Amino acid sequence: MTRRSRWGTRREAAGRWLERLRRDPFAVQTVRSTAAATLSYVVALGLSSEPAPLTAPLTALLVVQVTLYSTLTTSLRRVNSVVVGVLIAIAFSVLVGLSWWSLALIILASLVVGRLVRVEEFIPEVAISAMLVLGVTQVADTAWDRVLETLIGAVVGLLFNLMLAPPVWVDTAGDSIEDLARRMRRLLLEVAEEFGEEPAVERAAARLHEARRLDNDVAEVDAALRTAEDSLRLNPRVKEGLLHRIVLRTGLDTLEICAVVLRVLTRTLTDLAKERTGQELLPGPTALALQETAQHTADAFVSYAVLVTASGSEAAESAEVRLAGELRAARTCRDRAAALLLVLALREPGRWQLYGAMLTELDRVLDELDPEHRGRRLMEELDRHTRESRERRRRFTSRYRLGRARRA
């Protein structure tokens with residue numbers, strides 16, 4: 001029984017480790033890129049006249065991305081950059097040949113043309129292709145082989161992602177959003193503890209530094225969300241990709257605004273601590289009211305993140321009910337704190353700006369987390385995407401009609 005239990009424990013640990021790897025974009029990208037590059041090299045060996053057609057696996061390595069949308073756009077830009085570089089090299093080989101000044105001229109022309117044809121990160125590839133083709137004696141054969149190998153790598157990479165569709169990274173982005181909300185909750189709870197204690201400027205400055213570090217956390221979550229948004233585009237397994245993208249994006253935007261407000265709140269707390277050195281930061285009843293307001297607001301961060309990332313209607317309704325209850329409790333405590341802060345500001349008029357700033361910053365967070373505010377944001381974003389889609393269709397139709405009129 002002991003051996004069986006140990007074996008079961010090891011199997012569970014191995015299963016958890018494999019599950020983490022499966023949900024890790026880096027691990028998935030490593031395996032997929034290796035397999036696609038190897039397969040494209042095998043295909044290129046049979047179709048290309050080159051003894052070592054390494055351009056094909058190189059292209060597949062660059063083309064196979066974490067999402068199908070990224071793979072498609074990257075493959076198009078990669079093939080476009082190589083074809084443009086080959087055409088430039090053929091033109092220069094006919095006109096001037098290879099010399100030091102023609103090499104400088106072809107590099108300059110390739111970089112400029114690469115910018116014009118919008119190949120994005122593959123602009124240097126235009127110059128590389130042109131130099132490699134221009135530097136050989138049989139320009140036409142080498143140019144054809146390079147284009148063929150690039151096409152093989154791009155097609156294999158694209159088919160690889162079509163046959164073995166990459167995962168949808170919505171759950172990973174949702175976990176990142178929830179982790180960000182929990183970090184913001186911990187920070188606000190730590191700030192709430194400062195209200196009822198004797199102010200320590202160093203401790204308040206440390207809270208300010210933690211609030212500033214939230215910018216890095218928001219940037220990391222934004223990168224994970226961009227990957228999730230790309231995984232929803234052109235994905236046949238997702239029916240409402242646009243709605244998923246808008247829900248996650250507006251949720252992150254709201255948390256980002258709240259992170260900025262938290263940074264301002266910690267700065268206000270630091271300024272108040274500097275002015276009240278040797279005294280308590282706030283009187284007991286006022287400090288307690290603000291602490292309760294901050295505690296309910298901190299819990300609302302997590303409920304809001306769960307609401308944004310909920311995959312089912314039941315989970316979303318439960319999170320919305322919990323969020324509404326926490327916001328009501330926070331506003332009740334906020335009203336009591338406002339009355340006490342007003343009395344305190346009348347007694348200490350020199351600090352009324354700091355007292356009012358703390359109250360205003362808490363109000364801003366509560367307003368951003370309000371479900372009605374979130375509903376308006378969602379409708380605005382959906383309307384904006386609809387208008388942009390209609391405008392793109394209108395421009396395409398106008399150009400198509402104009403082209404037909406010119407041909408007629």
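Student: Which residues form the nonpolar patch on the surface?
Tutor: In this predicted model, the patch is formed by Leu95, Val96, Trp100, Trp101, Leu105, Leu108, Val112, Leu116 and Val117. Together they have about 970 Å² of accessible area.

Student: Which helix gives the largest share?
Tutor: Helix H5, residues 100-116, with 6 residues of the patch.

Student: And where is Val117 found?
Tutor: Val117 lies in the loop between H5 and helix H6, which covers 123-134.

Student: Zooming out, how many helices and strands are in the chain?
Tutor: The protein chain has 14 helices and 0 strands.

Student: How much of the chain is buried?
Tutor: Of its 408 residues, 43% count as buried. The chain exposes about 22,500 Å², with 59% of that supplied by carbon and sulfur atoms.

Student: What about contacts between residues 24 or more positions apart?
Tutor: Those make up 78% of the contacts in the protein chain with a separation of 6 or more.

Student: Switching to H13. What does it reach from first C-alpha to last?
Tutor: Helix H13, residues 352-369, reaches 26 Å over its 18 residues, close to the 26 Å expected at 1.5 Å a residue.

Student: Which residues of H13 are buried?
Tutor: Leu354, Tyr355, Met358, Leu359, Glu361, Leu362, Val365, Leu366, Glu368 and Leu369. An α-helix has 3.6 residues a turn, so residues three or four places apart point the same way.

Note on methods:
Residues are numbered from 1 along each chain as its sequence is written. This is a predicted model: local features need pLDDT of at least 70, side-chain atom pairs count only at pLDDT 80 or more; totals for chains, interfaces and linings use all residues. Side-chain values use heavy atoms; hydrogens and water are left out. Patches are made of residues with over 30% relative accessible area and no salt bridge: like charges are joined within 9 Å, nonpolar side chains (Val, Leu, Ile, Met, Phe, Trp, Tyr) within 5 Å. Accessible areas come from the Shrake-Rupley method with a 1.4 Å probe; for residues, only the protein chains shown count as cover. A salt bridge is a side-chain nitrogen of Lys or Arg within 4 Å of a carboxyl oxygen of Asp or Glu. Helices (H or I, at least four residues) and strands (E, at least two) are DSSP runs, numbered from the N terminus. Buried means under 20% relative accessible area, exposed over 50%, partly exposed in between (1.4 Å probe, protein chains only). Contact means heavy atoms within 4.5 Å. The expected span of a helix is 1.5 Å times one less than its number of residues.
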